[in-house]
Amino acid sequence: MDEVIVVGAGLAGLVAAINCARSGHKVTVFEKEKQVGGAAHIRPAVDVTPMDREALAGFIGIELKEPQVVPTEEFILYIYGKRYSIPGPWLHLHSVERGSRKTSLDQYLYKTALDAGVKFEFGAAIEDQEQYACLPFYSIIATGLTAEPFHAMRRPALNVYGHIARGTEKGAPRMIAFFDRDTKYYRYFANQNGVAFGLGFDAAPVEESLRDEWNREMEEREGWRFKQWLPHEGVVATPRIDSPALFASYRILAGTFAGMQDPFVLFGVHGSLCSGKIAAMAVEDRERAWRLFKDFTSGYKVSWSVKKIFDHLPHAGRNIALRSILSLYGSHQGRMQPFVEFLMRTLPGYGRLPEGWIWRKK
Ligand SMILES: Cc1cc2nc3c(=O)[nH]c(=O)nc-3n(C[C@H](O)[C@H](O)[C@H](O)COP(=O)(O)OP(=O)(O)OC[C@H]3O[C@@H](n4cnc5c(N)ncnc54)[C@H](O)[C@@H]3O)c2cc1C
């Protein structure tokens with residue numbers, strides 16, 4: 001069978017590699033870092049995303065289980081100082097450990113890939129235009145939110161800036177998000193398997209002095225203390241209404257690099273896992289993969305447009321909009337369910353997992 005090259009050993013790249021290897025291809029993955037789990041300064045981390053764990057596992061053909069993927073017990077939201085608590089299951093939230101620890105999803109997928117016969121080249125960055133031009137047609141590019149490949153492949157990306165918090169926290173998995181005057185985006189903190197992680201970010205540089213404020217606030221309000229804070233500069237994949245793309249220059253794109261990122265909250269885990277499967281499918285049958293990709297990203301344009309409006313609201317308007325939605329949730333949970341389901345459908349792949357993709361234990 002043909003050899004398949006995958007660039008990037010993250011969620012999408014690993015799912016793509018596993019599925020290609022299972023279809024009988026010889027697969028080699030090129031990864032920039034010396035091991036799986038991504039860049040050391042942002043890992044270990046806890047990513048949170050809505051998901052239907054069974055349906056997603058069925059689609060990608062890989063079991064998703066604890067401790068790598070754990071239901072998030074509670075979602076705490078601070079809207080301009082007012083605290084709201086929402087049960088995690090109401091939003092189908094799941095916490096996903098990222099990085100190279102034994103309990104991370106990256107490590108679990110890596111082991112699954114080795115079992116499937118995938119070969120890895122670590123410390124092998126594919127970063128400039130010439131290197132991309134040398135890759136065989138229909139290689140899979142799954143380099144996540146690292147800026148260089150976006151520039152080399154001329155893919156649209158939006159710069160983001162902020163601060164990353166790292167610490168420890170032993171309790172049940174929670175997500176704590178703050179919408180306030182400090183950023184036009186938001187900051188979130190999450191914990192799982194003893195790891196605590198936080199990210200506060202915006203489309204413009206975020207003042208360093210805010211870190212102390214954020215630390216104090218987290219300790220006073222939720223009892224979490226972060227000893228280490230690092231500046232963050234990166235990109236997100238959602239600058240344009242037409243950002244999602246499965247193919248570019250005869251290469252197959254996967255994960256957030258393919259624009260499989262929800263443009264409102266910027267969830268990328270769900271879309272990246274789905275997208276790895278679609279990329280593997282594209283090696284065999286481009287037409288079918290393209291139809292599925294279009295279907296999985298069909299809620300993107302609505303979500304992107306809502307986000308544009310939200311970004312242009314002054315803080316007072318954002319405060320009123322968010323608090324109104326949450327007080328409606330408080331008094332009419334049942335009636336809010338269709339709205340929540342609609343929002344979920346704007347998440348790449350969520351609610352679009354086709355019937356018949358049943359994961360079977362061997
Ligand atoms: C700090 C941070 C927090 C996030 N939090 C969340 C969250 O809570 N929930 C959520 O849903 N999403 C979150 N995201 C989005 C997140 O990136 C995606 O959810 C997910 O990791 C995307 O999967 P992926 O496979 O596309 O990329 P990744 O999992 O990031 O994998 C990309 C891989 O490619 C490698 N790579 C990069 N450049 C090169 C190169 N030039 N050559 C070779 N290899 C390369 C990287 O080292 C990495 O291993 C977060 C992103 C960041 C940066």
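How many residues surround the ligand, and which are the closest? I started there, keeping in mind that this is a predicted model. I got 37 residues around the ligand, with G8, G10, G144, G255 and G268 as the closest. Next I checked which elements give two or more residues to that shell: α1 (11–22), β2 (26–31), β3 (45–50), α5 (147–152) and α7 (269–284). β3 gives the most, with four residues. I also sorted the shell by residue class and found 18 nonpolar, 13 polar and six charged.

Three strands make an open, antiparallel sheet in the order β3-β7-β4. β3 and β4 (69–71) are the edge strands, each pairing on one side only. I noted an average twist of 30 degrees from one strand to the next. Between β3 and β7 (93–98) I found six bridges, in the antiparallel sense; V46 has E97 in β7 as its bridge partner.

Then the other sheet. I read off seven strands in the order β6-β5-β11-β12-β13-β10-β14, open again, with mixed pairing. The edges here are β6 (82–87) and β14 (228–236), and the twist averages 20 degrees from one strand to the next. I followed β11 (174–179) to β12 (186–192): they run antiparallel, joined by four bridges, and M175 has A190 in β12 as its bridge partner.

Last, I looked up the helices on this sheet. α6 (210–222) packs on it, touching β10 (158–169), β11, β12, β13 (194–202) and β14, at about 50 degrees to β12. α10 (315–331) packs on it too, touching β5 (74–79), β6 and β11, with its direction about 145 degrees from that of β5.

Terms used
Residues numbered from 1 in each chain as written. Predicted model: local features only at pLDDT ≥ 70, side-chain atom pairs only at ≥ 80, totals over all residues. Near = placed C-beta within 6 Å. Nonpolar A, V, L, I, M, F, W, Y, C, P; charged D, E, K, R; others polar. Pairing = 2+ DSSP bridges. Axes fitted to C-alpha atoms, helices over the stretch in contact; angles between N-to-C directions. Contact = placed C-beta atoms within 7 Å.
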